[in-house]
Amino acid sequence: MSQWRAGGTPLAVPADAARMTRRQLVVRGWAVNAVNPKGTVFLLAVVPSFIDASAKLLPQYAAVALTLGTTDLVVMAGYTALASRVLRAWSRPRQVRWMNRAFGGLFCVAGTLLAAFRR
């Protein structure tokens, strides 16, 4: 219920927050993505099924890298655009109150369903 009653404090960047250049943001994002073990496990599980060991490997690896890189770029650009819109919406108290009420209502529904669940 506290989520439902929560005020509409908008998200804001603190005045003393360090500003990062676009290059710093890209490097940080790449580093986080590069050390993510899920990506490595995915590549180790999926890529070998697309590689023909009897053919030249370099063109195959280049095609896989280009495909995965393009897909990742498009998906991450979509996430960035969505995050930008969400952050803009959360900068206004009215939208934050609406979101708090929506999630508070979902928590109440989830709690009710859990209370009614029987094995």
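**Pocket, patch and fold: a quick chat**

User: What volume does the largest pocket have?
Analyst: The largest pocket has a volume of about 1,000 Å³. Of the 26 residues lining this pocket, Gly 29, Asn 33, Asp 72, Leu 73 and Met 76 are the closest to its centre. Keep in mind that this is a predicted model.

User: Which helices each supply at least two residues of that lining?
Analyst: Three names here: α2 (22–34), α3 and α4 (57–89).

User: And which one gives the most to the lining?
Analyst: That is α4, with 12 residues.

User: Staying on α4, what about Gln 60? Is Gln 60 buried or exposed?
Analyst: Gln 60 sits in helix α4. Its relative accessibility is 14%, so Gln 60 counts as buried. The cut-off for buried is under 20%.

User: Which residues does Gln 60 touch, leaving aside neighbours within four places in sequence?
Analyst: Gln 60 is in contact with Phe 50, Ile 51, Asp 52 and Ala 55.

User: Switching to the surface. Which residues form a nonpolar patch there?
Analyst: Phe 42, Leu 43 and Leu 68 do. Together they have about 250 Å² of accessible area.

User: Where does Leu 43 lie?
Analyst: In helix α3, which covers residues 37–46.

User: Why does Leu 43 count as partly exposed?
Analyst: Because its relative accessibility is 38%. Partly exposed runs between the buried limit of 20% and the exposed limit of 50%.

User: Zooming out, how many helices and strands are there?
Analyst: The protein has 5 helices and 0 strands. Along the sequence the pattern reads α-α-α-α-α.

User: What share of the residues is buried?
Analyst: Buried residues are 8% of the 119 in the protein.

User: How much accessible surface, and what share belongs to carbon and sulfur atoms?
Analyst: The accessible surface is about 10,500 Å². Carbon and sulfur atoms account for 68% of that surface.

User: Last one, on contacts between residues at least 6 apart in sequence. What share joins residues at least 24 apart?
Analyst: Among those contacts, 71% do.

Key: Residues are numbered from 1 along each chain as its sequence is written. This is a predicted model: local features need pLDDT of at least 70, side-chain atom pairs count only at pLDDT 80 or more; totals for chains, interfaces and linings use all residues. Side-chain values use heavy atoms; hydrogens and water are left out. Patches are made of residues with over 30% relative accessible area and no salt bridge: like charges are joined within 9 Å, nonpolar side chains (Val, Leu, Ile, Met, Phe, Trp, Tyr) within 5 Å. Accessible areas come from the Shrake-Rupley method with a 1.4 Å probe; for residues, only the protein chains shown count as cover. A salt bridge is a side-chain nitrogen of Lys or Arg within 4 Å of a carboxyl oxygen of Asp or Glu. Helices (H or I, at least four residues) and strands (E, at least two) are DSSP runs, numbered from the N terminus. Buried means under 20% relative accessible area, exposed over 50%, partly exposed in between (1.4 Å probe, protein chains only). Contact means heavy atoms within 4.5 Å. On a 1 Å grid over the protein atoms alone, a cavity is a set of points where a 1.4 Å probe fits but cannot get out, and a pocket is an open set with protein on both sides within 12 Å along at least five of seven lines; lining residues have an atom within 4 Å of a point. Grid points are joined across faces, edges and corners, and a volume is the space filled by probe spheres set on the points.
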